[in-house]
Amino acid sequence: MTTDVTSAAGAAGPGPHAAQPPRPGGAETPRDPAPPPPATTLPRTAGTTGTAPERRRSTGTTRQSDVLALVGAAAAALSTTWLFFTRLAPFSGGLGFVVCAYLLFLAFYALLVSFDEDGPAVRDRIASAIVHSLALLLLVALTFVLVYTLWSGRKALPHLNFLTQDMRKAGPLDPLTVGGIRHAIIGTLIQITIGLVLTVPAGLLCAVFLNEVPGRYARFVRTVVEAMTALPSIVAGLFVYATAILAVGLDKSGLAASLAISVMMLPIIIRASDVVIRLVPGTLREASYALGSPRWRTVWHVVLPTARSGLTTAVILGTARGVGETSPVLLTAGFTAVTNYQPLHNPMVSLPLAAFEFVQSPQPAMIARGFGTASVLVVLVLALFVVARVIGGRGPGELTRSGTHRAVLASRRDQQRFARRAAASTAATATGSTASAAADTVTTSSAAADTVTTGGIAADGPGRTDTAEQDHAHPDQGPAQGVDGS
Amino acid sequence: MIVRSVSIRTQPRPAGPDHGADRRRRLYSDSALPDRLFHAVARSGGGLVLAVMLLVGGFLLYRAWQALRKAGLGFLTTAQWDPDAGHFGIAAVLTGTVLIATVAVVISVPLAIGTALYIAEYAPVRLRRTLVSVVDLMAAVPSVVYGLWGLFFLQGKVIGLARWLSTYGGWFPLFTVDGADPHDPLATATVYTASTFVAGIVVAMMVTPIICSIIREVFSQAPVGEREGAYALGATRWGMIRSVVLPFATGGMIGGTMLGLGRALGETIGVYLVISPVFAIQPHILQTGTSSVSSLIALRYGEASPFGMSALMAAGLALFLMTLVVNFAASSIVARSRSGATAE
């Protein structure tokens, strides 16, 4: 690689020299009828005969010496540390071994690289090695937490009764073949459903507000939402305890727990949807305004459907957070061992709370149940994330194949309908000239509607048709008001 | 219908043709009732969030007032927590909270910056999206899972490191451990467990993904032109990062760290499971026994008398105000820095 570069630089070097001879002889037109077009002249040295085909150059930046330095430094560091730990010094401990080996590795690597590179390149290599190892350390540690939980949950999970029974009949000393977490699963489902019913409309409304009604107030609200994202979860629990339970007089119940979860989920959903709605292309909005549609129609028919995939992701991410909240539920839900379907009365347990209560017991079977519950929770969160990833893989306005197909069909239907109506109206009022002008307007707006439709609005198929009908039933009102206002 | 609309369109024209300069025009045609309704509903959506935040602060203050009036300024300086006897204050729990959060941030910031740099600058493009969603997933893993890991795995494994640190770093006041004798082979190891240090590691695992995803966002917004300029001047990749990416992202890095600090201050379950609570100011981070505001609330809410509940509300209010200050500072730093990226 290095030699290639120098030869290329060499090619630029002799360029002027090669160009020099023709310049004084430029007057001799018979020998050189046309001046040669500007081109790079390759130096023809004696070694390379011009007939040999040029070798394909590698554009990769990894060289053999890099790999060798890396492997060599690793081997040297490992063996030196081993020598120290077993033969020379009274060191011991796995963590110490790893740390020593790593520091020695960095030193050896710097030394090896410095044999054939200069200072900045050595620093670059060292920084690269450190960044790679930090990232590896974090990812391994986080993955380990998950794997550790799943692995410790293996004792409880194979028993089918773990998922189908509640803890009503299981005492603290009973083995894993009795009792399970059905009550916690059902409790989690009920609480998160109530939470979603409360937070999804409110969260989407607030996200729409932040984007569609911009101004100083919206900026302030955005700051408050950011602060609310970091609201300590125990404070959310205390808040609901102080309001719903002490002031309103609700029981410690599923509803109170859902309220506490909602306080935690709301800012997360708002911020994730805010980001997604901000990404909706402005051209789509402008197309809708240009058709004279009012703002709420623009939001309902253009902005929200375009951002649908991202909004779903936002809601799922909020759900994943809400499912795992322990401390707000701890203060508000109470604890029970029986299945409770009523969110209004009596305590209701959720998965994280059950895991938390199980591991407080010193019994190994209970701790195994705690890990089993945590594993179910982890699997649930993982599944939610995978779903979010699958749904949210597309940007705003980007359609799937079938979505595109539906949009094209809907747009074709609209076009036919407009054509029919235009024909009918011309036939009906063939006498007046104003009518034909109006028909013109309708046709133009239908063409524009087609453009917007293929942009990804009408993905919801037949439901759109009647609203579109309504939309274009008074095609005159929009523009008229627009002029009115000016 | 159509004719009327045309007449509306044309009539105002002759009324004021010689107004001269154009008046400022409205960009939207939203003077109709449904649109005003939409406006109002959307504003109420924003108002809802404000109302919730105000209610949180207001109700906590209202419930805490009784205890605060009784304790007075002693609430900030008393270390004990015995509200029914009249001796209670948040000096110890507040110290514990701040120490745990500090340990967590000190551990997590290098990890977060390294991982963010790797994802934004070094990782192959194909891997990048996967890594981003893995980090996001880690941020959403329930805290009880990290708590279980800390309680059953980390607690035993950290003893060696804690003993080493206190033996060779004991001259540093934070690393002192009372009652530990490194030369006594039979000394119990329990003085090193359930400490601020262990809780700090657990909390660090929870906040690192959050800090990492904020910092990565800021890194990836570093201007391409300046990056290429650095490369064109012959910079290595690290040279480019040091001269372009890191200066650009300084504000974002500080802001992300403070947002992580805000999370670490409020962490409950992970801390509660790991520590053994003491109600005295405990500055030795390696020694067993510490406390935090949130774990105090989780520990005492069950047996609290009405007055005790009021005292717990006061502690919660203090925590709420602390996280609020940290977060507002963080978001203003992020917003004012050149990167100006919003978090997450």
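A: Leaving aside neighbours within four places in sequence, A:E212 is in contact with A:R285, A:Y289, A:R295, A:V299 and A:V303. Please note that this is a predicted model.

Q: Where is the place of A:E212 in chain A?
A: A:E212 belongs to helix 7 of chain A, which covers residues 182-212.

Q: Does A:E212 count as buried or exposed?
A: A:E212 counts as buried, because its relative accessibility is 5% and the cut-off for buried is under 20%.

Q: How far apart are A:E212 and A:I277 in space?
A: The C-alpha atoms of A:E212 and A:I277 are 9.4 Å apart, while 65 residues separate the two in sequence.

Q: Which residues of chain A does UniProt place in the feature "transmembrane region"?
A: The UniProt record, an unreviewed entry, gives that feature at residues 67-85, 91-114, 126-151, 184-210, 230-250, 256-277 and 371-391 of chain A.

Q: What does the model show over residues 126-151 and 230-250 of chain A?
A: Residues 126-151 of chain A are 100% helix and 0% strand, with the end C-alpha atoms 36 Å apart. For residues 230-250 of chain A the figures are 71% helix and 0% strand, and the end C-alpha atoms lie 27 Å apart.

Q: Turning to chain B, how many helices and strands are there?
A: Chain B has 14 helices and two strands. Of its 344 residues, 51% count as buried. The accessible surface of chain B is about 15,800 Å², and carbon and sulfur atoms account for 63% of that surface.

Q: What share of the chain B contacts with a separation of 6 or more comes from residues 24 or more positions apart?
A: Such residues account for 74% of those contacts in chain B.

Q: And where does UniProt place the "transmembrane region" feature in chain B?
A: Again from an unreviewed entry, UniProt lists residues 46-65, 85-118, 130-152, 189-219, 239-262 and 307-330 of chain B. In the model, residues 46-65 of chain B are 100% helix and 0% strand, with 29 Å between the end C-alpha atoms. Residues 130-152 of chain B are 91% helix and 0% strand, and their end C-alpha atoms are 30 Å apart.

Q: What does B:S310 touch?
A: Not counting residues up to four places away in sequence, B:S310 touches B:R63, B:A64, B:Q66 and B:A67. B:S310 sits in helix 14 of chain B, residues 306-336. With a relative accessible area of 4%, B:S310 is buried.

Q: Now the interface: how many residues does the contact take from chain A and from chain B?
A: Chain A contributes 100 residues and chain B contributes 91 residues. The size of an interface is often given as the accessible area lost when the parts come together. Here chain A and chain B bury about 8,600 Å² between them, with 77% of it on carbon and sulfur atoms.

Q: One last topic: which residues make the nonpolar surface patch?
A: A:L95, A:V99, A:L103, B:L161, B:W164 and B:Y168 make this patch of about 640 Å². The elements giving two or more residues to the patch are helix 4 (94-114) of chain A and helix 8 (159-169) of chain B.

Q: Why does A:V99 count as partly exposed?
A: A:V99, in helix 4 of chain A, counts as partly exposed because its relative accessibility is 42%.

Technical notes. Residues are numbered from 1 along each chain as its sequence is written. Chains are lettered from A and ligands numbered from 1 in the order in which they are written. This is a predicted model: local features need pLDDT of at least 70, side-chain atom pairs count only at pLDDT 80 or more; totals for chains, interfaces and linings use all residues. Side-chain values use heavy atoms; hydrogens and water are left out. Helices (H or I, at least four residues) and strands (E, at least two) are DSSP runs, numbered from the N terminus. Buried means under 20% relative accessible area, exposed over 50%, partly exposed in between (1.4 Å probe, protein chains only). Contact means heavy atoms within 4.5 Å. Accessible areas come from the Shrake-Rupley method with a 1.4 Å probe; for residues, only the protein chains shown count as cover. Patches are made of residues with over 30% relative accessible area and no salt bridge: like charges are joined within 9 Å, nonpolar side chains (Val, Leu, Ile, Met, Phe, Trp, Tyr) within 5 Å. A salt bridge is a side-chain nitrogen of Lys or Arg within 4 Å of a carboxyl oxygen of Asp or Glu. UniProt positions are given in the numbering used here, feature names are shortened, and annotations may be inferred rather than shown by experiment. Buried area is the accessible area (1.4 Å probe) that two parts lose on being put together, summed over both.
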